[in-house]
Amino acid sequence: MSFPVLFGVLALLTIFGYFLGRSRALATAGGHVRNLHSLPNYYGYYIGLWCAVPGFLLLLAWMGFETSILDGMLVASLPADKQNLPAAELSLLINDVKNLSHGDVTSREVVDVALQDAADFYAHIKSMSKMLLTGILVVLACGGILLARQRIAPELRARNSVEKAAMVIMIICSTIAVLTTLGIILSLLFESLRFFEKVHPLDFVFGLEWSPQTAIRKDQVGATGLFGAIPLLAGTMLISLIAMCVAAPVGLMAAIYMSEYAPSKVRGTVKPMLEILAGIPTVVYGFFAALTVAPFFRDWGLDFGLTISSESALAAGMVMGIMIIPFVSSLSDDVMSAVPQSLREGSYGLGATKSETIRQVILPAALPGIVGSLLLAVSRAIGETMIVVMAAGLAANLTANPFEAVTTVTVQIVTLLVGDQEFDSAKTLAAFALGLILFCVTLVLNIIALTIVNKYREQYD
Amino acid sequence: MNQSISQDTTGATPVTQSDAAPGIKIKADKVKVFYGEKQALFDVDLDINENEVTSLIGPSGCGKSTFLRSLNRMNDTIDICRVEGSIALDGEDIYDKNVDVVHLRARVGMVFQKPNPFPKSIFDNVAYGPRIHGLVDNKSDLDQIVQTSLEKAGLWNEVKDRLDQPGTGLSGGQQQRLCIARAVAVSPEVILMDEPCSALDPIATAKIEELIDELRSNFTIVIVTHSMQQAARVSQKTAFFHLGYLVEVDETEKMFTNPTDERTQGYITGRFG
């Protein structure tokens with residue numbers, strides 16, 4: 001039986017265990033719930049957990065280790081001359097055997113007898129493995145049910161056990177999230193280290209030229225590869241700055257209007273509409289920036305005698321700013337609305353006007369949340385790719401002039417990895433190093449945000 | 001703390017309360033208040049005397065807080081609230097369309113049920129009103145106002161060494177006195193208090209009550225309270241509200257010894273409410 005079917009069987013057994021537990025508990029209590037320590041449901045969950053958890057762990061372990069164990073057995077069954085093949089060829093051979101056992105085509109022109117034998121052997125051990133798994137699973141699940149059923153008695157503290165089990169499950173889930181993050185960081189770090197073997201870290205972090213074209217073939221000339229990240233970081237900062245110059249004032253004012261001035265009906269309509277802005281795919285913003293906004297700025301520049309290139313940081317930054325307005329406005333609106341009404345009334349009661357109240361009471365009280373929303377928007381701006389690819393260009397210019405084309409860290413990561421690449425070239429590995437830098441920048445921003453929030457957090461009771 | 005208050009009040013030659021006929025500060029005439037379709041107050045006529053404490057009592061939901069909040073138009077902040085009739089402060093209708101609400105609220109200050117200090121320092125809390133109304137020209141004037149106000153609220157000795165610390169860090173009773181100091185700093189003519197002691201322990205309550213008694217030499221005070229003893233202790237005049245109607249209003253002493261209305265009698269003796 002395949003894994004989905006086995007999961008289904010386990011689920012059915014668990015449901016069966018649940019009902020068994022309920023009825024068993026009621027039976028032992030003489031049909032009266034009040035004689036039981038816990039509600040009948042908890043006895044059901046109790047048996048269900050005893051059935052599901054061991055079975056689930058078994059399935060996970062089997063899924064994790066089956067392939068490597070079967071491969072090992074397969075290799076061991078091969079003739080000695082095949083076993084001693086180089087690793088790459090051996091893995092190709094194993095692939096062929098597997099494909100053959102499924103009845104798929106192989107990479108060989110002729111299928112010899114030995115290969116066919118190996119394929120048959122593989123199919124055999126694979127079906128054995130599945131049968132074994134099915135047997136163990138059913139025994140384990142039924143054993144769990146029987147064991148737990150034996151324990152059911154009116155004085156069994158099923159509720160406490162179930163609560164404890166629920167807590168453990170939640171701990172495991174949060175651990176998974178943390179471990180995934182850790183795994184991503186470590187993989188970034190190790191790939192970056194490989195990159196730093198080829199390019200000196202200082203050249204990378206402080207280099208002023210970015211030109212990642214390297215020779216793919218030995219006989220190519222000219223492309224030396226310069227990996228200085230400064231122009232990319234400068235471009236990222238420039239575009240993020242322009243974006244924040246748009247998003248921060250507009251978003252904050254919108255938030256103030258929504259939380260303090262707007263009647264609740266208007267707020268109920270305007271807020272979801274603003275949040276729709278956040279739901280527009282960034283690629284749509286991208287072509288809006290490239291096809292509408294950028295030409296508009298270029299023509300407008302001509303009128304004023306300015307040279308604005310048709311791919312400019314200005315266009316990309318403006319459109320990105322519009323994209324992140326909802327991040328600022330929606331969150332800031334939430335924190336301002338959370339400022340207790342008693343503070344507003346206290347201020348009005350002293351004869352303050354609405355705007356004085358907002359400036360001197362509401363905004364200071366909501367400051368941590370507002371800063372948090374701004375920094376979230378900055379993180380979003382720094383990580384944004386699509387708009388910049390389409391509207392700001394690929395030229396790694398080191399400039400502070402918003403009318404010129406610039407490029408950002410994310411855009412370069414995309415271009416480094418698009419197309420056919422050698423996976424251990426400096427060019428490809430540079431993407432990981434850029435990713436690491438980006439991660440560090442957003443990490444520092446998040447730490448600053450948390451510090452500000454904690455420092456200025458006010459307790460209202 | 002009491003020393004500073006008595007010093008202050010004796011120094012300022014207070015208006016004597018025992019004068020025969022105190023002037024009428026606020027005159028409410030046929031006041032009706034609606035929340036949407038629901039009428040919360042019915043034709044309330046009430047005179048509030050200058051330099052007296054007037055207490056409003058009655059069971060929950062009887063409209064006493066609503067009446068209090070209509071005295072400085074705090075109900076304006078509620079969209080669906082509508083006020084009819086007239087409320088005159090020194091003879092001028094405060095619901096006239098020429099009246100500046102902001103100016104009105106500077107003359108009629110308010111202290112709320114739950115202490116609500118701003119998330120600022122103690123000093124800035126008290127200085128808030130004087131600053132927004134431009135009552136001071138320089139820092140030393142402001143320091144003076146802050147000190148006098150805190151003294152009037154009986155808080156100065158407890159906080160004078162930590163004026164730069166957040167007002168939210170004080171205890172409940174101190175926070176409420178800070179809120180009173182904040183209201184006093186604007187030099188209002190009337191101070192409205194909406195159950196100012198309901199969130200406080202008996203000791204803090206006693207301090208606030210003492211303070212109210214001191215304050216009436218300079219201000220007209222209207223207080224909403226659920227505690228009959230409190231009304232009896234601090235007020236000169238008591239008004240009993242029930243189901244949106246002003247049932248009876250009289251000298252506090254008479255109200256608690258010999259009320260005219262049966263409902264008042266029932267409420268103050270604890271038969272209902």
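**Nonpolar patch and A–B contact**

Visitor: Which helices of chain A each supply at least two residues of the nonpolar patch?
Guide: α9 (264–279) and α10 (282–303). Helices here are DSSP runs (H or I, at least four residues), numbered from the N terminus. This is a predicted model, where local features need pLDDT of at least 70, side-chain atom pairs count only at 80 or more, and totals for chains, interfaces and linings use all residues. Residues count from 1 along each chain as written, chains are lettered from A and ligands numbered from 1 in written order, and side-chain values use heavy atoms, without hydrogens or water.

Visitor: Which helix gives the most to the patch?
Guide: α10(A), with five residues.

Visitor: And where is Met273(A), and why does it count as exposed?
Guide: Met273(A) is in helix α9. Its relative accessibility is 56%, so it counts as exposed (over 50%; buried is under 20%, partly exposed in between; 1.4 Å probe, protein chains only).

Visitor: Switching to the interface. How many residues does the contact take from each chain?
Guide: 19 from chain A and 23 from chain B, with contact meaning heavy atoms within 4.5 Å.

Visitor: Which residues of chain A lose the most area to chain B?
Guide: Glu345(A), Leu350(A) and Gln360(A), together 32% of what that side buries.

Visitor: How many salt bridges are there between chain A and chain B?
Guide: One. Arg69(B) pairs with Glu345(A), the closest N and O atoms being 2.7 Å apart. The rule is a Lys or Arg side-chain nitrogen within 4 Å of an Asp or Glu carboxyl oxygen.

Visitor: Which helix gives the most to the side of chain A that touches chain B?
Guide: α12(A), with seven residues.

Technical notes:
Buried area is the accessible area (1.4 Å probe) that two parts lose on being put together, summed over both.
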